[in-house]
Amino acid sequence: TRHGESQFNQAGRIGGNSDLTDRGRGYARALRGFVEAHAPDDLVVWSSTLLRARETARAVGRKSHPWKALDEIDAGIYDGLTYAAIAQKAPQEAQARRADKLRYRYPRGESYEDVIRRLDPVVLEGERQQRPLLIVAHNAVIRALYGYLCEIPAERIPHQVIPLHSVIELTPRA
Ligand code: G3H
């Protein structure tokens with residue numbers, strides 16, 4: 001799942017390290033209810049190291065393990081801006097990202113390819129887990145994990161729709 005709605009989500013700003021909104025906290029509580037109703041006692045919980053994900057994971061009421069590799073894509077010099085502000089400030093950058101969202105790297109930040117690469121250890125460790133695993137992370141990161149697990153072609157990964165306030169449940173098969 002993505003974290004609950006954050007202050008930056010509400011303001012349409014990317015990146016940052018903002019806290020949850022009331023609505024986001026409501027989702028975190030609902031997530032706890034969902035886990036209590038559907039998940040076994042030995043559920044493993046991983047989150048990113050960012051406040052919005054940690055707060056969401058904490059609300060679940062189980063011990064959770066923070067992973068830096070689960071942090072959201074780094075928007076570099078555009079961290080904290082809205083998409084409209086980026087398009088106004090640097091239209092050529094916005095255009096370059098539109099043209100190749102998989103490979104476009106934010107200046108001093110990351111591309112989707114970078115995110116996919118840094119998730120390697122998370123994927124390896126996740127695949128070794130014998131117990132069910134709840135990952136509380138971010139849009140780009142969930143896209144990459146979902147894309148890997150569901151064998152989605154890389155070019156399509158940055159365009160997957162991963163809504164807020166939704167749990168995606170995947171069951172691995174041999
Ligand atoms: O930067 C945060 C966004 O949730 C990632 O979405 O890659 O579609 O801009 P985007």
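Is R25 buried, exposed or partly exposed, and at what relative accessibility? At 30% relative accessibility, R25 counts as partly exposed. The legends below describe close-up views of a predicted model.

**View 1. Salt bridge between R25 and E55.**
R25 pairs with E55 in a salt bridge whose closest N and O atoms are 3.3 Å apart. R25 belongs to helix α2 (residues 22–38) and E55 to helix α3 (residues 51–59), so the contact ties together parts that are 30 residues apart in sequence. While R25 is partly exposed at 30% relative accessibility, E55 is buried, with a relative accessible area of 17%.

**View 2. Salt bridge between R32 and E36 within helix α2.**
The closest N and O atoms of R32 and E36 are 2.8 Å apart, and the two residues form a salt bridge. Both residues lie in helix α2, 4 residues apart, so about one helical turn separates R32 from E36. R32 is partly exposed, with a relative accessible area of 35%. E36 is exposed, with a relative accessible area of 51%; the cut-off for exposed is over 50%.

E155 and R103 form a salt bridge, with 2.6 Å between the closest N and O atoms. This pair links distant parts of the chain: E155 is in the segment after α8, R103 is in the loop between α5 (91–99) and α6 (112–118), and the two are 52 residues apart. Both partners are partly exposed, E155 with a relative accessible area of 44% and R103 at 41% relative accessibility. The two residues also belong to a network of salt bridges that links D100, R103, E113 and E155.

**View 3. The largest nonpolar core.**
This core has 22 residues, and those that touch the most other members are W46, L70, L119, V122, V141 and L145. At least two residues of the core come from each of β1 (44–47), α6, α7 (120–128) and α8. Helix α8 supplies the largest share, 5 residues. Leaving aside residues up to four places away in sequence, L70 touches W46, S47, S48, R118, L119, V122, I135, A137, H138, V141 and L145. A second, separate core has 10 residues, including L43, V45, L134 and V136.

**View 4. Aromatic pair of W46 and W67.**
The whole structure holds 3 aromatic pairs. W46 and W67 form one that is tilted, at 5.0 Å centre to centre and with 55° between the planes. W46 is in strand β1 and W67 in the loop between β2 (64–66) and α4 (83–89); the pair links distant parts of the chain, 21 residues apart. Both W46 and W67 are buried. W46 is also among the residues of the largest nonpolar core that touch the most other members.

**View 5. Aromatic pair of Y78 and Y106.**
Y78 and Y106 form an edge-to-face aromatic pair, 6.3 Å centre to centre, with 65° between the planes. Here too distant parts of the chain are linked: Y78 lies in the loop between β2 and α4, Y106 in the loop between α5 and α6, and they are 28 residues apart. Y78 is buried, with a relative accessible area of 5%, and Y106 counts as buried at 4% relative accessibility. Y78 and Y106 form one aromatic cluster together with Y104.

**View 6. Nonpolar patch on the surface.**
Y148, L149, I168 and L170 make up a nonpolar surface patch, with about 350 Å² of accessible area together. Y148 is in helix α8 (residues 139–149). Y148 is partly exposed, with a relative accessible area of 42%.

**View 7. R58 and Q129.**
R58 lies in helix α3 and counts as exposed, at 56% relative accessibility. R58 and Q129 are 71 residues apart in sequence, and their C-alpha atoms are 21 Å apart in space.

Technical notes:
Residues are numbered from 1 along each chain as its sequence is written. This is a predicted model: local features need pLDDT of at least 70, side-chain atom pairs count only at pLDDT 80 or more; totals for chains, interfaces and linings use all residues. Side-chain values use heavy atoms; hydrogens and water are left out. Patches are made of residues with over 30% relative accessible area and no salt bridge: like charges are joined within 9 Å, nonpolar side chains (Val, Leu, Ile, Met, Phe, Trp, Tyr) within 5 Å. Accessible areas come from the Shrake-Rupley method with a 1.4 Å probe; for residues, only the protein chains shown count as cover. A salt bridge is a side-chain nitrogen of Lys or Arg within 4 Å of a carboxyl oxygen of Asp or Glu. Buried means under 20% relative accessible area, exposed over 50%, partly exposed in between (1.4 Å probe, protein chains only). A nonpolar core is a set of buried Ala, Val, Leu, Ile, Met, Phe, Trp, Tyr and Cys residues joined through side-chain atoms within 4.5 Å. Contact means heavy atoms within 4.5 Å. Rings of Phe, Tyr and Trp (its six-membered ring) pair if their centres lie within 6.5 Å; planes under 30 degrees apart count as stacked, over 60 as edge-to-face and the rest as tilted.
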